[in-house]
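The entries below follow the order in which I went through it.

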Amino acid sequence: MNIINNIKKGCITVITLLVLFTSCNKLNVDPVPVTVPTTPAGNTVAKVLAATPTDSLYYRLVIKSGILSATPATITDSSLRFTMFVPDNNAMKAFINAISGGAVPLNAPDAVFSGFITANIPVSSALPIVSYNIVPQALPTTSFPTAFPNLQYPTIFNPAPALSALLRLTTFPSKRGSITWVNNVPLSSADAVATNGIIHHTAAVVVPPSQYLWDRINTDPDMTYFKAAVQRADSGTGTLQAAMLNIGANLTVFVPTDSAMKAAITAQLTVALIAQGYAPATAAAAAAGLAATPDVFTNPAVAGSLTPTVVKGIVAYHILGIRVFTVNFPTTTTVVPTLIGGAPYPGVGLLATLAGPIAAAASVKGAGAYNTTPSNILLNPTPGTGKSDQLYLNGVIHKIDQALFPQ
């Protein structure tokens, strides 16, 4: 069978360096002095945080992290400059309520929440959260990037010091009009000035990722077709899975649900069978049988057409070499290159509709004839098991309801 015959063997420009080492996750940007507005001497971000009653719970987390007594000094050093993203007490209460499984009710006294932090959040959890929310330079919201895609800024958090002492996990401040975010979390207030930096308050706790993109794709029961496609692609020259396990990569992966991927493969197989002379009904039934499981990618009956190169083209067309949250999508359709390479293979069209600080709708459209309508991004902010804006060490995952094809 000559299946998916519009995706040619040359469609992958070998995945444009495959972004193996393109991420700024590897930048070593240490705290440097910059000019910030004058405040009373000694009012470091640490002291401003300690003196703000509505930040008392996060300050308790900062204490638990041990960063205040770190050597060399960080946020207590008035000669350096920092930006801190700080969830206020309301955000901290929602966070603790969630991680306690509801054992700490939202209406509990502040002392109960503070006690939970002291007794139940280990340093190994507190320090990554606090470190990930500190950028080693002063970033007032007037300097937040507004262009697409938004810029990334290294934090002081090194998630794998054994791998490299230079590693820094990055964060993504951005702005549109009067609305500001870090990653896809809106700021609730901003620009509290200290002697050595700036504090911005976040509407929720911004937790650093701890898993790779592949960790999710490998285990999600609704991503089995996409997983099988990656493995088929890599059975030729392996690169895709390695990129999704590379902490230096910086990717956005649009993952079709299993039903979406099955529908796309079934449609392609049906067209191919009809072209070979099968009656439409017969072709549709046969195609549905072939595509009934993810094993279609290794089925000998179609292996000659679903070659590793062809499947690599399909998978790479679902991946951007930048990290994009839905709140950063353009509000008019904008074509963005994918890892499939340049001309004659167009990128994908991104579009979002914002409702205040969140995306009310977001879509990505492939250029091929199969994609007559955009693929909807399934909006769901639930961490780990959600569908959109899922943050990982080396990128972001968005689930979509239709597979993408370049031709």
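My notes start with the model as a whole and then turn to individual helices and residues.

**Ground rules.** I am working with a predicted model, in which local features need pLDDT of at least 70 and side-chain atom pairs count only at pLDDT 80 or more, while totals for chains, interfaces and linings use all residues. I number residues from 1 along each chain as its sequence is written, and side-chain values use heavy atoms, with hydrogens and water left out.

**Overview.** I looked up the confidence first: mean pLDDT (the predictor's confidence in each residue, from 0 to 100) is 88 for the protein, and 88% of its residues reach 70 or more. Over residues 1-39 pLDDT stays under 50, although the model has 113 contacts beyond four places in sequence for this stretch; I take contact to mean heavy atoms within 4.5 Å. Where pLDDT is low, the predicted coordinates should not be read in detail. I find 11 helices and 16 strands in the protein, these being DSSP runs numbered from the N terminus (helices H or I, at least four residues; strands E, at least two). Of the 407 residues, 52% count as buried, where buried means under 20% relative accessible area, exposed over 50% and partly exposed in between, with a 1.4 Å probe and protein chains only. Among contacts with a separation of 6 or more, residues 24 or more positions apart account for 69%.

**H2 and its partners.** I followed helix H2 (residues 56-65) to helix H5 (residues 123-132), and their axes come within 8 Å and cross at roughly 115°; axes are lines fitted to C-alpha atoms, for helices over the stretch in contact, and angles run from 0 to 180 degrees between N-to-C directions. Tyr 58, Leu 61, Val 62, Lys 64 and Ser 65 of H2 meet Val 123, Ala 126, Leu 127, Ile 129 and Val 130 of H5. I then checked H2 against H3, and these two pack at an angle of about 65° with their axes 7 Å apart. On the H2 side the contact is made by Ser 56, Leu 57, Tyr 58 and Leu 61, and on the H3 side by Asn 89, Met 92 and Lys 93.

**H4.** In helix H4 (residues 110-120) I find Phe 113, Ser 114, Phe 116 and Ile 117 buried. They cover an arc of only 155° around the axis, which puts them on the same side of H4; the arc is that of the directions from the helix axis to the C-beta atoms. Ala 111 and Ala 119 are exposed on the other side of H4, and what covers the buried residues includes H2 and helix H3 (89-99).

In helix H10 (residues 280-290), Ala 283, Ala 287 and Leu 290 are buried. Seen down the axis of H10, its buried residues fall within an arc of 60°, so they line one face of the helix. The face turned away from that side carries the exposed residues Ala 281, Ala 285 and Gly 289, while H9 is included in what covers the buried residues of H10. I looked up Gln 268, which is placed in helix H9 (residues 258-275) and is buried, with a relative accessible area of 19%. Gln 268 and Ala 287 are 19 residues apart in sequence and 8.3 Å apart in space, C-alpha to C-alpha.
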